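Biologist: Could you take one part of this model and look at it closely, setting out what its strands, its buried residues and its charged pairs look like?

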Amino acid sequence: MTTRNRRLLIGVYLLSAALVFLYIGFPSEALRAHVTHSLSAGLPGLSVAIGDMRPALPAGIALKGVRVFHANAPLGVIDRLRIHPDLFSLWQARTHYDFDGTVGDGQVSGTAAIDTAGGRKRVSLNARLAGVLLQKLPATQSLFGNKLAGRLDGTLGVNDAGTLTGKLAVSEGRIELATPLFDQNEFTFRTAEADLSLQNRTVMVRNGRMKGNDMDAEVSGTIMLDAAQGKNALNLSGRLTPHPAFMTKVAGSLPPTLLQRRTGIAFKVSGALNSPGFSFN
């Protein structure tokens, strides 16, 4: 064996040994606490728990079982999440990261930044969701007592001020109602979309639109996540536009005044998150 090959072999051995010792001695608990805090800071009003953490190549970390909560209620589980820092930014006040993972049999990917300039930590984030199945998310199986299914796509962003915004769309969806509407417990829809924002524990819903097989709908308003709001957490209003065939089908269960409206049926959702009230205007 030549001197060059011997040196190369020794170098490969030392590198392999270093990687093995890094993997075995990986400071997962300390780093897990740091990453958990950073992720929670990037999701205002929410908390995060991490199941497992390991180093990943190229330079980065791999997380498993990342659970997102609101008030101890599970919202969703990211089965796998890989985070890779921009190595050149590690020595700067603003550190950049790329991430990708799987959630609800779909994909999540995006970028994040942590800015510590001025002694104050600010987290910003931009994420894209693709092919996420709502029926795989805990939050959508108890949404105001109802269950949702369908394919979720969209974008989410958190700015330096801590405001979360999103534009979400659901296709080929289904909703199972805890309380029947027009004597029906289940409705299917082709598409649904809405613009959302979360600030100071208040969710604002704008431009909510649904194209259904039985009816179309529009909705907007606010959802207060602060426990102090209690019975007044929900303040949503909108308009239902049943299709003619469906109107004929449910004519016997609707007041004549509603049947005569040509501009749709106005409705309001109010009350507590766990016991919402639905009424026609």
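Modeller: What follows is a close look at the sheet region formed by strands E2, E3 and E4. This is a predicted model, in which local features need pLDDT of at least 70 and side-chain atom pairs count only at pLDDT 80 or more, while totals for chains, interfaces and linings use all residues. Residues are numbered from 1 along each chain as its sequence is written, and side-chain values use heavy atoms, with hydrogens and water left out.

Strands here are DSSP runs of E with at least two residues, numbered from the N terminus, and two of them pair if DSSP finds at least two bridges between them. By that rule, strand E2 (residues 60-70) runs antiparallel to strand E3 (residues 73-85), with nine bridges between them, and Val68 has Gly76 in E3 as its bridge partner. The hairpin of E2 and E3 has two residues between the strands, and Ala71 takes a positive phi near 50° in this hairpin.

Within E2 lies Leu63, which is buried at a relative accessible area of 0%, where buried means under 20%, exposed over 50% and partly exposed in between, with a 1.4 Å probe and protein chains only. The C-alpha atom of Leu63 is separated by 6.1 Å from that of Arg82, although the two residues are 19 apart along the chain. Leu63 is also among the residues with the most contacts inside the largest nonpolar core, which has 47 residues; such a core is a set of buried Ala, Val, Leu, Ile, Met, Phe, Trp, Tyr and Cys residues joined through side-chain atoms within 4.5 Å. In soluble globular proteins, nonpolar side chains tend to be buried together.

The charged residues of E3 and E4 complete the picture. A salt bridge, meaning a side-chain nitrogen of Lys or Arg within 4 Å of a carboxyl oxygen of Asp or Glu, joins Asp100 to Arg80, with the closest N and O atoms 3.5 Å apart. This pair links distant parts of the chain, since Asp100 is in strand E4 and Arg80 in strand E3, 20 residues apart. Asp100 is partly exposed, with a relative accessible area of 21%, and Arg80 is likewise partly exposed, at 29%. Salt bridges that share partners join Arg80, Arg82 and Asp100 into one network.

Definitions and conventions:
Helices (H or I, at least four residues) and strands (E, at least two) are DSSP runs, numbered from the N terminus.
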